[in-house]
Structures are given as C-alpha cells and as structure tokens.
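Subject: Structure for your review

Dear colleague,

Please find below the structure that I am handing over to you. My findings follow it, arranged by topic.

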Amino acid sequence: MNADLREVELEPSTFASRFASPPVDLRMRVLQLGPALAVRGGISSVERLICEYMKPYAAIRHVPTMEDGSAVTRGLTYARAVQVLWRALADIDPVIVHIHFASRGSTLRKVVLADMVARAGRPLVLHAHGARFDQFHRRLPAPLRRKVNRTLQRANLVIALSSQWREFFVEECELAPAKVTVLPNPVRWNAAPPDRSGRPHVQFLSLGRLSERKGSYDLVNAFAALPRELRARARLVLAGDGDVEGVRQLAAPLGDAVRVHAWIDPAERDRLLDASDVFVLPSRAEGLPMALLEAMSAGLPAIVTPVGGIPDALTDGAEGLMVEPGRVDQITAAMTRMLGDEADRLAAGRRAHARARLFDVNTYARRLADLYQRIAPVAGFREYA
C-alpha cells in the first residue's frame, strides 16, 4: 500500500475528532462548483456523496457549472454559476470554494472560475477528475498550458485521486508537493455482500460509459474468444451510457450470453452487483473509477488495467487481476482464470470487500473536513441561508 493511501486511512482527523457533530455556527461554508448533481458520471457521484456526508462538518452549497442538454442550456448554466460565484465572493463572510474539473472544456471553464476565487483571496480547492487530463494538458499550446499551470498553482489545495496523478501534477504542472493531496474517491461500503458460492453461471459485469476508453469493445471480443465450453457457463453484462447500440451490435452474435443495458439507476446497479460474480473494466485511461469501488464494496473481484488510480485500489493477484490496456488475449485469460476456480474467485472477492473499506465515505468526509479546516479563513462561519 502506498504512502498516500496510508495517509488517507490513518491520518488523525483533527477537526472531525474535535467536532464529531459541530454546532452550526462552527460549520465551514463551502461553495462546490461542478457538474449538476443529476448529470451521469463519476464526478457527480462524488459531488452527491460530499453534499450528503459533509453535513456535520460544512454547509455545502452546490452550484452546477454544467447540465445535460443543448449548447444554450449549458451556456446559461455556466453563466449562472459565474454570477453566483461573483456574489459569494462579494460577501464579507468567509467561504471555501471547491471546484471539480475534468479535461478539455471543463478545465478551461474552471480556470475562469478559479481565477475569480484567487483574485478575491478566498480559499480555493481544485479537485482533479479527468481520466485523460494528462494527455489534454500535454497537447495544449505552450501559452495555454502555462496559464493552466499558473491557475493550479494559485489554489490552496489540489486534490488528486491517486499517487500516480499526484506525481503528474507535481512534475508536469510544477505544483509544490505540499499543495497536492491524494484523496481517493469515496464509496458507500456494503457491510454484508451476498454469498456467491455454488452459482451455476459466472456473471461478468462492466459498468460505466460504453466506449473505447473504457475497453468495452475489448471486453466483448475477449468474452467471444473464450472456449465454447467455458462460455457456456458464463454470462457478460454491460450497462452504461455512450455507444450502447455499437456494443449491442458487436455482441449480437453471442446471443443471450451477453446483455447490454443503457444507463441504469442505483437500485438496478445494486441488483446487478449482487447478481454478478466478477467486475471487469479494461480501461485505456482512468482517474479512479467509482464503478470499481462500488463493485469491490459489493464483494466482487475485478479484472482491470493498471491505469490512473486503479493500482492504488487493487493489487494484482489479491483483489483481482491486472491486464494490459488493449490486450484482448489477456482479458480472455483472466476471465478463464476466474471461471476456473470458485474458491480463488470467492477469496479474491472477500479481499476486495475488505480493501474497499479504506474508501468508505464516512472516512472520506472526515478527511475532507480536515483539509477544509487546514485552509479555512480565520473568521467564524455561518450556514448558508
């Protein structure tokens, strides 16, 4: 386990320990900016958990900077966010601004907001999520890349999802190491996952955007390459947004052995997790996928790639198996191994379940409260009206 993950697990919770349920007048005021809470994807999932579990420690006001819809809808949403932020910064009361960003347009829009906060002298948290932010950053024209770096450097705190991403921000964005903190994504830890022993079929499950980046096509091709006798006792289920029809067409020759769903709600997600035996996400690039943490919390071993923050969450041969991105033959071999030994598969699932507890959202909330307290203004706090 790397040092950054140990810090998340073991560092004393100073603010949270002093105020397990602090009075309202001591709660920090936090303005959180990012995608609307109803937007599909991992960033919104993290935002929703922050809004729910930070209530004992901070008065969170979430301001959407992006909503699903037309270009006009998106533009108006961003304009409203700028207006709300401007009013908050004009207020004499102290406020911490927590901005979530990904890549491309998300980064460029958030640079404007972050610069407003920095000019106002308010505490600023920049929370990096983009799975391909490193590639986006390297392709930027040099002047724009320097501008992004300067904005990141003006933040009081930059949150990275893993030790690998922290290294990128320190080395390529030239941030001071003390300014970049690893805070892996949170998950609601499932204390009692189902007993999966003795099932007649092994169901492989993949959740998230159906795309090349997530390895969706690689996964279907790998399942198709299983020997017929193994495929006869296996099932594959994929669910998410993105290229749903394209994946369905690719899987059509495999008949009922493969099911492809569009986006599903949390209740259906949990049902699929309980009904499945192995989680598979052969991504080409990642931050730290919420779907993986949810699967581990549900007691599923995983077949994944060592990209982004995944190596911080899962150890090859312990909680699951690692394959190289784009290697269909390795995915097939890993699925074959999972099909071959129920005892090993169940043991890996138990280890995954135990490891997922490190990412429990209650621990995350205490850790984030400490980070807020570290940069909070000296003046008192009051709750948002």
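The model is a predicted one.

Confidence

The average pLDDT of the protein is 91, and 91% of the residues score at least 70.

The parallel sheet

An open sheet is formed by six strands, in the order β9-β8-β7-β10-β11-β12, with parallel pairing. Its edges are β9 (258-261) and β12 (320-322), each of which pairs on one side only. On average, and with direction ignored, neighbouring strands of the sheet are turned by 20 degrees against each other. As a general point, the strands of a sheet pair through backbone hydrogen bonds, either parallel or antiparallel.

Strand β7 (residues 202-207) pairs with strand β8 (residues 234-239) in the parallel sense, over six bridges. Within this pairing, Ser 206 stands opposite Leu 238 in β8. Strand β7 is also joined to β10, by two bridges, and these strands run parallel. Here the bridge partner of Phe 204 is Val 278 in β10. Strand β10 is joined in turn to strand β11 (residues 302-304) by three bridges, again running parallel. The partner of Val 280 is Ile 303 in β11.

Which way do the side chains of β10 point? Val 278 and Val 280 point one way from strand β10 (residues 278-281), while Phe 279 and Leu 281 point the other way; all are buried.

Helix α11 (residues 244-251) lies across β8 and β9, and runs at about 170 degrees to β9. Helix α12 (residues 266-275) lies across β7, β8 and β9, and runs at about 145 degrees to β7.

In soluble globular proteins, nonpolar side chains tend to be buried together. The largest nonpolar core in this model has 35 residues, of which Leu 33, Leu 85, Ile 99, Leu 126, Phe 133, Leu 152 and Phe 169 touch the most other members. Helix α4 (residues 71-90) gives the most to this core, namely six residues. A second, separate core has 30 residues, including Val 237, Leu 288, Ala 295 and Met 322.

With its neighbours within four places in sequence left aside, Ile 99 is in contact with Leu 33, Lys 110, Leu 113, Ala 114, Leu 124, Val 125, Leu 126 and His 127.

Aromatic pairs

The count of aromatic pairs comes to seven. One of them joins Trp 165 and Phe 169; this pair is tilted, with 6.4 Å centre to centre and 40 degrees between the planes. Both residues, Trp 165 and Phe 169, lie in helix α8, four residues apart, which is about one turn of the helix. Both Trp 165 and Phe 169 are buried. Phe 169 also pairs with Phe 168: the ring centres are 5.2 Å apart and the planes stand at 70 degrees, so this pair is edge-to-face. Phe 168 is buried, as is Phe 169. Ring pairs link Phe 101, Phe 133, Phe 136, Trp 165, Phe 168 and Phe 169 into a cluster.

Residues with positive phi

Where does Arg 104 lie? Arg 104 is found in the loop between β3 (96-101) and α5 (105-120). Although not a glycine, Arg 104 has a positive phi of about 55 degrees. Arg 104 counts as exposed because its relative accessibility is 56%, and the cut-off for exposed is over 50%.

Glu 174 is found in the loop between α8 (163-171) and β6 (180-182). Glu 174 is not a glycine, yet has a positive phi of about 60 degrees. With a relative accessible area of 58%, Glu 174 is exposed.

Yours sincerely

Note on methods:
Residues numbered from 1 in each chain as written. Predicted model: local features only at pLDDT ≥ 70, side-chain atom pairs only at ≥ 80, totals over all residues. Heavy atoms only, no water. Buried < 20%, exposed > 50% of the residue type's maximum accessible area, 1.4 Å probe, protein only. pLDDT = per-residue confidence, 0-100. Core = buried A, V, L, I, M, F, W, Y, C linked by side-chain atoms within 4.5 Å. Contact = heavy atoms within 4.5 Å. Phe/Tyr/Trp six-rings, centres within 6.5 Å; stacked < 30°, edge-to-face > 60°. Pairing = 2+ DSSP bridges. Axes fitted to C-alpha atoms, helices over the stretch in contact; angles between N-to-C directions.
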